[in-house]
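Let's take a walk through this structure together. Have the sequence and the 3D view at hand as you read.

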Amino acid sequence: MQVESMFFKQRATEKLGDELLQGNMRKAKGKFVDGRAKAVAEFGAWEEVRTHAAMIRDRALANLDAYLVEFEANATRRGATVHWAETAEEACEIIVGIAKAKGVRKVTKSKSMVSEEVNLNEAFEAAGMQVVETDLGEYILQLAHEPPSHIVAPAVHKSKEQVADLFVKAHGKPRLTDIPAMTREAREALREHFLTADMGVSGSNFVIAETGTTLTVTNEGNADMVTTLPRIHVVITGIEKVIGTMEDFATLIRLLPRSAIGQSIANYLTLTTGPRMPGDADGPEEMHVVLVDAGRTKLVGGPMQEMLRCIRCGACMNHCPVYQNVGGHAYGWVYPGPMGSILTPVYVGLENAGDLPNAATFCGECAVACPVKIPLPDLMRKLREQQFDRKLRPWPERFAIAAWGFVAARPALYARLSAIGARVASWLGGREGLIHSLPGLDGWTKGRDMPAPPGRTFRALYRERRG
Amino acid sequence: MGARENILRRIRAAQGRSGAAPTQAELAAARAQIARHEVGPQPPFAHAPDRLAQFRRECDRMGTTHAMVAAEGDIPREVARYLGAAGLERRVAGWAAFAGLDWAGAGVAYEARPATGDDRTGLTGCFCAVAETGTVLLLSAPQMPKVNALLPETHVCVVRADRILDTMEDSFARLREEAGEPPRAVFFVSGPSRTADIEQTIVIGAHGPYRVHVVIVA
């Protein structure tokens, strides 16, 4: 996907004024947050499982090379071909190369965010192959020529009326607005593709080192069609997805669907290991796994390695007041919300995504909701520090921060200046105690007044009351 | 091999290890950790006193219907009853393992073969079931096509009561015990296919079955 994160502020402002989007986002918000809260409340051991899950992810990440090599050895032993891709372009070359060599004409895909990162669909199309997204949300977006706006519910920003218009154009049937009937229409359209595709491409929520296994988690069952019916199955996934054992998966899967949509388990969990075995009733003849770096090694071993624990549940964005109001497209790349505000600057460059680590109220809800305990606000703060150090923020902001840092490190000076500041601010507030405009900060006061302080500092009041 | 070496070298350099591949000692340590098959903490309901009741309760929550029969010989009659009550045609594409039952006697046309996109009802057995989540577990194997659980609008699954286990971890332990390694596909099914991709409205029957019915053999 083209990086457009540099336009965050402008996009966010547009989205806030988009009545239709605002309505669609309001509908979604309660369902995700309430659903998760209910599932967590009835679970009874959330914190213990969460702590163990974070440990599982950390353990694999701390020995990432060994776990990956072990996965590769076992997947290969089971008949899969494992490929490594350093960049997005390399990943596409490998996969399209396999398709070309095998005379593939049609590809079905189940949802994969890594494939969005690397622009796989465009690569297939450029090579003259038909590629069909089969997750209902992704299918809708493919018809709309739009990127996903959420990592679990990609079409969350669309209303059924908007979807109905897309279906009329694509299917040439009478316009339906009854959601079950619309779903059936899409089912019938996609069934044909499932049965006629030569290659199926899936992501993999985790890969299991011990058994050389990849796996999919869906409610629709589309991943099972994609990984079972075509003669070739290609998995595209990030190198950070490796875990040790099937037991590790059992722990993580207690958290994933509950965090994502409040469901105790997803309808279909499928562990796929190698191609069809001799005599098997079904399954592909050939299986490939493409392990993609594309920026991940920049996080390994550094102060933000915890971000690689991410299991892509979407809880952080569902709980983010910024995401809830601007939607996913404002973020300008594949991953929106708090996790995207960390991954995007790291993967595509901090200079291209400078507003994202600042697109936060620091309310901390994302860290509370995260099933693998990623300290998301802390990581955003680290990116802000990098921005300051690399001089990527505008000079007035850097000057203000540097000046504040100078004063804050000198207690006597701080006391004197803050006493003056408090008096000035109190005077600015006038009789009603509200500041209507601040020189240089008119962006902040354009839509609201700032309550003026009472004229004396905390220290002055403290000294007075202690006598 | 360029990309592989570069990636592994970058990981190792970032974590303070030299070289482009893990050492034998590092691999052995990772394998030893993995071989422990450590089981994490589980929620209290994962080990319910009445496992069968827990299984049925979770089936209800996931939208899976269920019925109990006394013996394998009673399966055709239960399937006939279920299909009749749901207003469905009594025609089934099922696993060969159940072909020997008296289907004709129950008025069901049973064909032992993989299901196609045209079949309305598919019948399968399962490797085991998981009570914690109301889940059935199918393994890919000769004569056990996965498509029978996937393509038809109705999936009937036969579960032996003594194959209902507490947790997913238990099912993995059983898998290691009886099959050694996971086969090509280890397929956990919990209720009918669904989607909420249009306005977060849950619709049953996305790409897979609209109905899942479990027949528990006591």
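The paragraphs below look at a sheet and a helix in chain A, and then at chain B.

First, some ground rules. This is a predicted model, in which local features need pLDDT of at least 70, side-chain atom pairs count only at pLDDT 80 or more, and totals for chains, interfaces and linings use all residues. Residues are numbered from 1 along each chain as its sequence is written, while chains are lettered from A and ligands numbered from 1 in the order in which they are written. The model scores ipTM 0.97 and pTM 0.94.

Start with the open sheet in chain A, whose six strands run in the order β1-β10-β7-β4-β2-β3 with parallel pairing. Strands here are DSSP runs (E, at least two residues), as are helices (H or I, at least four), numbered from the N terminus; two strands pair if DSSP finds at least two bridges between them. β1 (81–85) and β3 (130–133) of chain A each have a single partner strand, so one side of each lacks a neighbour in the sheet. For β1(A), five bridges in the parallel sense link it to β10 (residues 286–292) of chain A. Look there for Trp84(A), which stands opposite Leu291(A) in β10(A).

Now find helix α18 (residues 395–408) of chain A. None of the 14 residues of α18(A) is buried, where buried means that 20 or more other C-beta atoms, placed from the backbone, lie within 10 Å of a residue's own.

Chain B has six helices and twelve strands. Its C-alpha trace spans about 70 × 40 × 40 Å along the principal axes, and 46% of the 218 residues in chain B are buried.

Notes: Buried ≥ 20, exposed ≤ 12 C-beta atoms within 10 Å, placed from the backbone.
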